[in-house]
Amino acid sequence: MTQSTQQPVALSLELASRLPGLEIIQGLLNGQVPPPPFAGITNVKPTLVERGRVTFEGTPSPQFNNHIGIVHGGWASLLLDTTMGCAVHTTLDAGYSYSTIALNVAFIKPVRALTGAIRCEATVLHSGSRTASAEGRVFDSKGTLLAHGSATFFVFRAGTA
């Protein structure tokens with residue numbers, strides 16, 4: 001039997017159900033909540049957390065390049081979905097969760113691994129008892145718009161969906 005040296009991969013469901021979304025996302029920012037496994041693979045992390053507003057940053061690696069040397073659109077889509085979802089989560093009370101219903105992305109300029117750090121800013125447009133919506137924008141380090149999107153989320157009591 002080998003000893004595992006892995007970090008926890010997620011906040012326990014029991015603890016997550018007792019914390020408001022804002023505290024959970026702030027915990028991701030300050031390192032008190034372990035990041036989800038995909039964060040290490042995609043190199044994305046939160047840099048600003050406020051109620052209804054979240055910013056993530058990341059640097060795409062060449063492993064996300066498609067066959068013509070451009071970062072696959074899925075990477076920017078993941079960044080948008082993550083940032084918008086976390087922005088929505090900051091508006092939810094303890095015991096509530098969310099899941100993406102619809103994700104719309106418009107790609108303005110290609111992203112390349114050599115583009116460097118990418119920033120995604122998301123703002124909640126609506127947070128209701130059953131649905132929420134947010135919009136997001138992706139920028140390079142010079143402030144050039146690379147992509148933008150919107151998403152709709154299903155809001156539910158944790159453990160009931």
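Predicted model: local features only at pLDDT ≥ 70, side-chain atom pairs only at ≥ 80, totals over all residues.
Residues are numbered from 1 along each chain as its sequence is written, and side-chain values use heavy atoms, with hydrogens and water left out.

Reader: In what order do the strands of the open sheet lie?
Author: Strands here are DSSP runs of E with at least two residues, helices are runs of H or I with at least four, and both are numbered from the N terminus. Two strands pair if DSSP finds at least two bridges between them. The edge strands, each pairing on one side only, are β1 and β3 (96-107). The open sheet has 6 strands with antiparallel pairing, in the order β1-β2-β4-β5-β6-β3.

Reader: What is the average twist from one strand to the next?
Author: Axes are lines fitted to C-alpha atoms, for helices over the stretch in contact, and angles run from 0 to 180 degrees between N-to-C directions. For the open sheet of 6 strands, the twist from one strand to the next averages 25 degrees.

Reader: Which residue in the turn of the hairpin formed by β1 and β2 has a positive phi?
Author: The strands β1 and β2 run antiparallel and are joined by 6 bridges, and Leu48 has Thr55 in β2 as its bridge partner. The hairpin leaves 2 residues between the strands, and the turn residue with a positive phi, of about 80 degrees, is Gly52.

Reader: Which residue of β6 is the bridge partner of Ala134?
Author: On the β4 side, 9 bridges pair β4 and β5 in the antiparallel sense, and Val124 stands opposite Ala134 in β5. The strands β5 and β6 also pair in the antiparallel sense, over 9 bridges, and form a hairpin with 4 residues between them, where Gly143 in the turn has a positive phi of about 90 degrees. In β6, Ala134 has as its bridge partner Ala151.

Reader: How far apart are the end C-alpha atoms of helix α4?
Author: The expected span of a helix is 1.5 Å times one less than its number of residues. For the 17 residues of α4 (residues 73-89) this should give 24 Å, and the end C-alpha atoms agree with that value, being apart by 24 Å.

Reader: Why is α4 described as largely enclosed by the rest of the structure?
Author: Buried means under 20% relative accessible area, exposed over 50%, and partly exposed in between, with a 1.4 Å probe and protein chains only. Contact means heavy atoms within 4.5 Å, and α4 packs on the sheet, touching β1, β2, β3, β4, β5 and β6, with its direction at about 140 degrees to that of β3. The helix is largely enclosed because, of its 17 residues, the number buried is 13.

Reader: Is Ile118 buried or exposed?
Author: Ile118 is found in strand β4, where it is the bridge partner of Gly58. Leaving aside neighbours within four places in sequence, Ile118 is in contact with residues including Phe56, Trp75, Leu79, Val138 and Leu146. With a relative accessible area of 1%, Ile118 is buried.

Reader: With which residue does the side chain of Thr91 make a polar contact?
Author: Thr91 is found in the loop between α4 and β3 and counts as buried at 11% relative accessibility. A polar contact is a pair of N or O atoms within 3.5 Å; within protein, one must be able to donate a hydrogen and the other to accept it, and residues adjacent in sequence count only if both atoms are side-chain atoms. Not counting residues up to four places away in sequence, Thr91 touches Arg51, Gly52, Val124 and Ser127. The side-chain polar contact, of 2.7 Å, joins Thr91 to Ser127.
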